Amino acid sequence: MEIKNAKYEISSAKVNQCPDTNVPEYAFIGRSNVGKSSLINMLTNNGSLAKTSQKPGKTLLINHFKINNGDWYIVDLPGYGYAARGKDQRQSFARMIEGYALERRQLACLFVLIDVRHSPQKIDLEFIDFCGENGVPIAIVFTKADKVSQKVADHNISLFKNELLEKWEELPPMFLTSSEKKKGRDAILDFIEKTNAIWHQSLSENPEENLKEEVEKDNNDTTSTNIDQIS
Ligand code: GTP
Ligand code: MG
């Protein structure tokens, strides 16, 4: 999959303010500072498309980016769990993110980003459980691979898989990335290309059906080996 063009469209505070489209979209979520906006810039080959920052809490709204003249969208979300925000603000961000994940019918896959430098964190596992329990289609993206050795990355990924397997029978698709080194780009774009095809196929077969369920079912049939495909 080639990204020929990527253009910022709009920022929304609530899911019902998001653009009214009929194409699949791919959103990026995870703790503040995990590298969501950087990953979007790496995927689109545009260092200034999504705003990044060394300080956590940079992205505050639901940001839509139109890809390849509107064939599909990338969505940058605010991070969850940023302690310095205070409880009220944290809750209002959680509502924004959960509302988006649950209600956005165009959501073909929510990429949940995990910093590969750390062992599994409760807040990430809880968010993934929330997605699983509510049928939100996810893939996991381990970020900042350039900051640790392959051995540490493998170790933390295997701890993470074991935690998920305590609760879930199947693992979601997984990717290991570095925005700094442009690692994992092709694997994610190939996955998006495949998911777009499933989306369009389902739409033509059952226009009335809930597309999110179709995409999730199909991806779970074929995945969990993507980590190995990344060189
Ligand atoms: P919020 O919008 O605040 O939730 O953060 P975010 O998840 O969008 O993170 P962002 O992309 O702004 O990156 C946070 C910091 O991590 C920045 O200083 C980035 O340069 C750095 N960073 C992101 N990805 C990588 C990576 O793959 N490798 C390295 N070394 N640094 C990274
Ligand atoms: Mg951001």
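Predicted model: local features only at pLDDT ≥ 70, side-chain atom pairs only at ≥ 80, totals over all residues.

Entry on backbone contacts. I looked up which backbone atoms lie within that cut-off of ligand 1. For S179, a backbone N or O atom is 2.8 Å from an oxygen atom of the ligand. At G35, I found a polar backbone atom 2.9 Å from an oxygen atom of ligand 1. At V34, the distance from a polar backbone atom to a ligand oxygen is 3.3 Å. Since the cut-off is 3.5 Å, I counted each as a polar contact.

Entry on cover. I then looked up how much of ligand 1 the protein covers: 89% of the 650 Å² of accessible area that the ligand has on its own. I placed ligand 1 in the largest pocket.

Entry on the shell. I listed 22 residues around ligand 1, and the closest are K36, S38, K58, D146 and S179. Sorted by class, the shell has 13 polar, 7 charged and 2 nonpolar residues.

Entry on aromatic rings. How many aromatic pairs does the structure hold? I found 10. I took up one of them, F111 with F191: the ring centres are 5.8 Å apart and the planes stand at 70°, so I recorded the pair as edge-to-face. It links distant parts of the chain, with F111 in strand β5 (residues 107–115) and F191 in helix α5 (residues 185–205), 80 residues apart.

Terms used. Residues numbered from 1 in each chain as written. Chains lettered and ligands numbered in written order. Heavy atoms only, no water. Near = heavy atom within 4 Å. Polar contact = N/O pair within 3.5 Å; in protein donor to acceptor, adjacent residues only side chain to side chain. Areas by Shrake-Rupley, 256 points an atom, 1.4 Å probe, with all protein chains shown as cover. 1 Å grid on protein atoms, 1.4 Å probe; cavity = no way out; pocket = protein on both sides within 12 Å on 5 of 7 lines; lining within 4 Å. Sits in = over half its atoms within 2 Å of the grid points. Nonpolar A, V, L, I, M, F, W, Y, C, P; charged D, E, K, R; others polar. Phe/Tyr/Trp six-rings, centres within 6.5 Å; stacked < 30°, edge-to-face > 60°. Helix = DSSP H or I, 4+ residues; strand = E, 2+ residues; numbered from the N terminus.
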